[in-house]
Amino acid sequence: MYQWQFQQLGVDGLTLDLDSTVMTRYGVQEGSARGYNPSKPGRVSHHPLMAFVADTRMIANCWLRPGNTASANNVGAFLDSTLTNLAGKRIGLLRADSGFSDNAFLCKLETSATSHIIALRLNQPLQRALVDAPGWWTIDEGIDLVSVQYQAPSWPHPRTVVGIRQHINKRNNPKGKTLSLFADDPAIGQYRFGAPVTNTTLPAQEVWRTYRGRADCENRIKELKYDFAADSFCLKEFWATQACLTMVMLAYNFMSLFRQVALRHSVISGGKNVQHTLNTLRLKLFAKSGYIGTEERKDVLRLAVAMRQRQWFEGVWDKSKSFNLPVTFSPVFTP
């Protein structure tokens, strides 16, 4: 089903974002275990791994895992499975947070020549390298960048790392972390740092801007939980829960395509980029009362639609019958 969905898309060079989330469990279910759980410390959970396609706002893969599993656990096999689901689509860029900065995974991406931008953990050697790096330059008020060739103790060779620091007092909600080794330093302690590693030839400023787009997958996770109840069910058997979770992901893909293909038509949205949530669509589109009657010996479906909503409703109906497959999307990143 994943393959069929992506075969309907006229886009290549996809931007793939990897992320994981915590799904708190109550009771005794297979695979639930104590692990990192910021919202419910000490509570058992599952820790699924997900792959998001930024270009189409769809999900390419989801693996349910025990709650005590690390983010990067078996991520290489997960990526291979994701490529199978993508039905031959090429990955133009892979983005991930620091939980996936494992050297084995970085080597796999380099071997397959997959362009990637992955945040690194700010361990002590990297902290010293960032502080000692020459050539920091300012791109905006309170934001400085630097590009360095850095080799971690576990790495077989140096890699390109872009250092980012944001001043706490000069930026609204600065991203990153304070360097633990220099937290008491009067100058360095005023910054929050980030350090993505990349094998692209993009300038440091573009690496930073391109990586920032990965944050949108957090919105996809929130939508899965709040609108699609992805974390609100759990069966006793592990693989039964995995099967149900997969159906949620596939349903999300159908709804995402419907919203982007049908609901963004100018007649429907009024020229505005409106992003309808599933809760809104339930009341506005799906949960409509009606009855079947006859007219000129033909069955007619009569829906109870308020007058002010009829133009919008008819626009959705007409658009759903007029578009052709495959649906064309513009890639987020072009190597």
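Visitor: Let's start with Gly76: is that residue buried or exposed?
Guide: In this predicted model, Gly76 is buried, because its relative accessible area is 19% and the cut-off for buried is under 20%.

Visitor: Okay, and where is Gly76 found?
Guide: Gly76 belongs to helix α2, which covers residues 75-85.

Visitor: Which residues does Gly76 touch, leaving out those up to four places away in sequence?
Guide: With those set aside, Gly76 touches Phe105 and Lys108.

Visitor: And how far is Gly76 from Gln190?
Guide: Along the sequence, Gly76 and Gln190 are 114 residues apart, and in space their C-alpha atoms are 37 Å apart.

Visitor: Switching to Lys236, is that one buried or exposed?
Guide: Lys236 is exposed, because its relative accessible area is 62% and the cut-off for exposed is over 50%. Lys236 is found in the loop between α6, residues 216-226, and α7.

Visitor: What is Lys236 in contact with, apart from its neighbours within four places in sequence?
Guide: Apart from those neighbours, Lys236 is in contact with Gln29 and Glu30. For another kind of distance, take Val11, which is 225 residues from Lys236 in sequence and 39 Å from Lys236 in space, C-alpha to C-alpha.

Visitor: You mentioned α7, so how does α7 sit against α9?
Guide: Two packed helices are described by the angle between their axes and by the distance between those axes. For α7 (residues 238-261) and α9 (residues 278-286), the axes come within 13 Å and cross at roughly 65°. That angle makes α7 roughly perpendicular to α9, because angles from 65 to 115 degrees count as roughly perpendicular.

Visitor: Is that crossing left-handed or right-handed?
Guide: The crossing of α7 and α9 is left-handed.

Visitor: Which residues make the contact?
Guide: From α7 the contact involves Met255, Phe258 and Arg259, while α9 contributes Leu278, Leu281, Leu285 and Phe286. Sorted by class, the contact of α7 with α9 has six nonpolar residues, no polar residues and one charged residue.

Visitor: Which residues of α9 are buried?
Guide: In α9, Leu278, Leu281 and Leu285 are buried. Looking down the axis of α9, you would see its buried residues fall within an arc of 55°, so they line one face of the helix.

Visitor: And what do those buried residues pack against?
Guide: The buried residues of α9 pack against α7 and also against α10, which covers residues 310-322.

Visitor: Then how do α9 and α10 pack, in angle and distance?
Guide: The angle between α9 and α10 is about 95°, and their axes are 11 Å apart. These two helices are therefore roughly perpendicular to each other.

Visitor: Who makes the contact between α9 and α10?
Guide: On the α9 side the contact is made by Leu281, Lys284 and Leu285, and on the α10 side by Trp312, Phe313 and Val316. By class, the contact of α9 with α10 has five nonpolar residues, no polar residues and one charged residue.

Visitor: Zooming out, how many helices and strands are there in the protein chain?
Guide: The protein chain has 10 helices and 17 strands. Its C-alpha atoms fill a box of roughly 85 × 50 × 40 Å, taken along the principal axes.

Visitor: What share of the residues is buried?
Guide: Of the 335 residues in the protein chain, 46% are buried.

Visitor: Last one: what share of the contacts with a separation of 6 or more joins residues 24 or more positions apart?
Guide: Among the contacts in the protein chain with a separation of 6 or more, 63% are between residues 24 or more positions apart.

Terms used:
Residues are numbered from 1 along each chain as its sequence is written. This is a predicted model: local features need pLDDT of at least 70, side-chain atom pairs count only at pLDDT 80 or more; totals for chains, interfaces and linings use all residues. Side-chain values use heavy atoms; hydrogens and water are left out. Axes are lines fitted to C-alpha atoms, for helices over the stretch in contact, and angles run from 0 to 180 degrees between N-to-C directions. Helices (H or I, at least four residues) and strands (E, at least two) are DSSP runs, numbered from the N terminus. Angles under 35 degrees count as roughly parallel, over 145 as roughly antiparallel, 65 to 115 as roughly perpendicular and the rest as oblique. A crossing is left-handed if the near helix is turned anticlockwise from the far one by less than a right angle, and right-handed if clockwise. Contact means heavy atoms within 4.5 Å. Ala, Val, Leu, Ile, Met, Phe, Trp, Tyr, Cys and Pro count as nonpolar, Asp, Glu, Lys and Arg as charged, and the others, Gly among them, as polar. Buried means under 20% relative accessible area, exposed over 50%, partly exposed in between (1.4 Å probe, protein chains only). The arc is that of the directions from the helix axis to the C-beta atoms.
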